[in-house]
Amino acid sequence: MIKVKKGPKPQILIDNEKEWNRKFSQAWKKYKNEGGDSPKANYNKPSIKNATKKEFAGKCAFCETYVPHTYYGDIEHFRPKSKYCRYAHTWSNLLFSCRICNGNKGNDFPMQDQIIKPTTENPENFFEYEKVLNESSVRLTALDQRARNTIDLMGLNREDLCDYRGKQYKKLQRAITELRNAGADQQIIEDMINSYSKQDEEYSGMFKFFYENDMI
Ligand SMILES: [Zn+2]
């Protein structure tokens, strides 16, 4: 995970956020009491989804996997809309995520404010990265209970994800070895590692941690 600054609120939410929240809350309460079809919300409109996708550079807010080349991506309600229907269209509550993290999180929010929110907190203060299985896999390590909750709820140490992080790490290692063998300047190597740590790159949190802790 990496810290992401929320971008400007889309005009459509400036104009409609309060009204849509009010209407959705009413409809949701009616649905809970009387049943019927679950109420439709408006947060999935293209201008809103595109704005969340842009601010997260197309990466899942939780696992940092780049989403759009395989899937449209989900708008993720940090506070689930089923329990906090009054925030269903609240800009600060909307994140961008992959289907797996969003699905794992589901409608549960059992630990109110007990998971890390990457738009208001810096995940660097809560997570470290550990190479395992002969460096072929990379796991997240939690530095406190809230970070542990986040890993468990979203499944951030699922096997495929750990293995894919490991693959990306190895790819960088191979590139560095090739550069060193070719006699490249240390500055060129550092520039390359830095480029992997840029916020819009996949798994930049991992690369930044490895770089800052002399693990590359
Ligand atoms: Zn994800």
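1. Where does Ala57 lie? In this predicted model, Ala57 is placed in the loop between H2 and E1, and its position is just after H2. Ala57 adopts a positive phi of about 50 degrees although it is not a glycine. As background, most residues other than glycine have a negative phi. Ala57 counts as partly exposed because 18 other C-beta atoms lie within 10 Å.

2. The loop between H2 and E1 also holds Glu64. The phi of Glu64 is near 65 degrees, a positive value in a residue other than glycine. Glu64 is buried, since 26 other C-beta atoms are found within 10 Å, whereas Ala57 is partly exposed.

3. On the overall architecture, the protein has seven helices and four strands. Their order along the sequence is α-α-β-β-α-β-β-α-α-α-α. The C-alpha trace spans about 70 × 35 × 30 Å along its principal axes. Of the 216 residues in the protein, 32% are buried. Among contacts with a separation of 6 or more, 65% are between residues 24 or more positions apart.

4. Helix H2 covers residues 46-55, and its buried residues are Ile48, Ala51 and Thr52. Seen down the helix axis, these buried residues fall within an arc of 95 degrees, so they line one face of H2. The face of H2 turned away from the buried side carries the exposed residues Pro46, Ser47 and Lys54. The packing partners of the buried residues of H2 are helix H1 (11-34), strand E1 (74-77) and strand E2 (94-97).

5. What is the arrangement of H5 and H6? Helix H5 (residues 159-181) packs with helix H6 (residues 186-196) at an angle of about 165 degrees, and their axes are 10 Å apart. Because of that angle, H5 is roughly antiparallel to H6. The crossing of H5 past H6 is right-handed. On the H5 side, the contact involves Leu172, Ala175, Ile176, Leu179 and Arg180, which meet Ile188, Ile189, Met192 and Tyr196 of H6. By class, the residues of this contact comprise eight nonpolar, no polar and one charged.

6. His89 is located in the loop between E1 and E2. Is this residue buried or exposed? His89 counts as buried because it has 26 C-beta neighbours inside 10 Å. Leaving aside residues up to four places away in sequence, His89 touches Leu13, Glu17, Trp20, Asn21, Phe24, Ala41, Asn42 and Tyr43. Lys105 is 16 residues from His89 along the chain, and the C-alpha atoms of the two are separated by 18 Å.

7. Ile100 belongs to helix H3, which comprises residues 99-105. Ile100 counts as partly exposed, because 19 C-beta neighbours lie inside 10 Å and the cut-off for a buried residue is 20 or more. Tyr43, one of the residues touched by His89, is 57 residues from Ile100 in sequence and 20 Å from it in space, C-alpha to C-alpha.

Notes:
Residues are numbered from 1 along each chain as its sequence is written. This is a predicted model: local features need pLDDT of at least 70, side-chain atom pairs count only at pLDDT 80 or more; totals for chains, interfaces and linings use all residues. Helices (H or I, at least four residues) and strands (E, at least two) are DSSP runs, numbered from the N terminus. A residue is buried if 20 or more other C-beta atoms lie within 10 Å of its own, exposed if 12 or fewer, and partly exposed in between; C-beta atoms are placed from the backbone. Two residues are in contact if their C-beta atoms, placed from the backbone, lie within 7 Å. The arc is that of the directions from the helix axis to the C-beta atoms. Axes are lines fitted to C-alpha atoms, for helices over the stretch in contact, and angles run from 0 to 180 degrees between N-to-C directions. Angles under 35 degrees count as roughly parallel, over 145 as roughly antiparallel, 65 to 115 as roughly perpendicular and the rest as oblique. A crossing is left-handed if the near helix is turned anticlockwise from the far one by less than a right angle, and right-handed if clockwise. Ala, Val, Leu, Ile, Met, Phe, Trp, Tyr, Cys and Pro count as nonpolar, Asp, Glu, Lys and Arg as charged, and the others, Gly among them, as polar.
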